[in-house]
Amino acid sequence: MHEKNYTNELFQLTTQLLEWNPEYYTIWNHRRRLLRHFFDHGNNNSNNSNSEGNSNHIQQHLTTDLTFLIPLLRKFPKCYWIWNYRLWLLSEASRLLPPSTTYKLWQQELALVGKMLSIDSRNFHGWGYRRKVFAAMEELSTEINASTDASMTEAEFEYTTRMIKSNLSNFSAWHRRSKLIPRLLEERNASFDERCRFLDE
């Protein structure tokens with residue numbers, strides 16, 4: 001990397017090393033540099049057709065790398081560096097791709113983290129990651145006017161209800177719920193009496 005040898009061979013080498021041990025945070029950083037180079041390599045052309053082609057090129061790299069991470073997450077569900085790198089990939093999608101395209105990737109990510117938490121419902125890495133995915137989706141939803149009749153806060157609150165019912169000692173779900181309640185009541189324009197009844201329940 002000191003010689004700026006940004007090749008597919010080096011990229012594949014990072015894949016092999018991370019499959020062996022995903023705690024190598026330096027390798028994750030090298031992988032980021034390689035992908036940034038691959039992204040930027042197609043940005044030299046400015047006409048619309050080339051820009052669209054480069055967008056497809058970037059999306060393909062991102063989706064391929066997101067797929068590569070799934071077996072690693074299953075094997076190492078509490079490895080911080082995997083979650084961190086995955087979040088970086090999606091942040092790059094938000095930076096480089098059209099909002100409507102990016103929103104679909106974040107939607108898929110919310111479904112994925114839901115599956116991961118169904119396997120280990122108290123994985124605090126997963127819950128922290130879910131909060132970030134939720135926030136990104138809300139921001140994109142506002143940007144592309146993708147809001148629906150159902151509030152995302154309501155849906156997320158219901159999700160914590162299901163998770164708590166399945167495991168009463170899921171403290172991560174309780175914590176997430178406690179952060180949602182003030183916002184939920186605000187969105188419902190709840191009166192003082194309604195707030196008291198809600199909290200009593």
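A residue is called buried under 20% relative accessible area, exposed over 50%, and partly exposed in between (1.4 Å probe, protein chains only). The model is predicted: local features need pLDDT of at least 70, side-chain atom pairs count only at pLDDT 80 or more, and totals for chains, interfaces and linings use all residues. Residues are numbered from 1 along each chain as its sequence is written, and side-chain values use heavy atoms, with hydrogens and water left out.

Aromatic pairs were examined next. Rings of Phe, Tyr and Trp (its six-membered ring) pair if their centres lie within 6.5 Å; planes under 30 degrees apart count as stacked, over 60 as edge-to-face and the rest as tilted. By this rule there are nine aromatic pairs. One of them joins W20 and Y24. This pair is tilted, with 6.0 Å from centre to centre and 45° between the planes. W20 is exposed, at 62% relative accessibility. Y24 is partly exposed, with a relative accessible area of 35%.

Y80 and W81 also pair. Their ring centres are 5.0 Å apart and their planes stand at 75°, so the pair is edge-to-face. Y80 is partly exposed at 41% relative accessibility. W81 is partly exposed too, with a relative accessible area of 28%. Y80 and W81 form one aromatic cluster together with Y25.

Charges over rings were also found. A charge sits over a ring if NZ of Lys or CZ of Arg is within 6 Å of the ring centre and within 35 degrees of the ring normal. The charged end of R31 lies over the ring of F11, 4.1 Å from the ring centre. Over the ring of F134 sits the charged end of R176, 4.9 Å from the centre.
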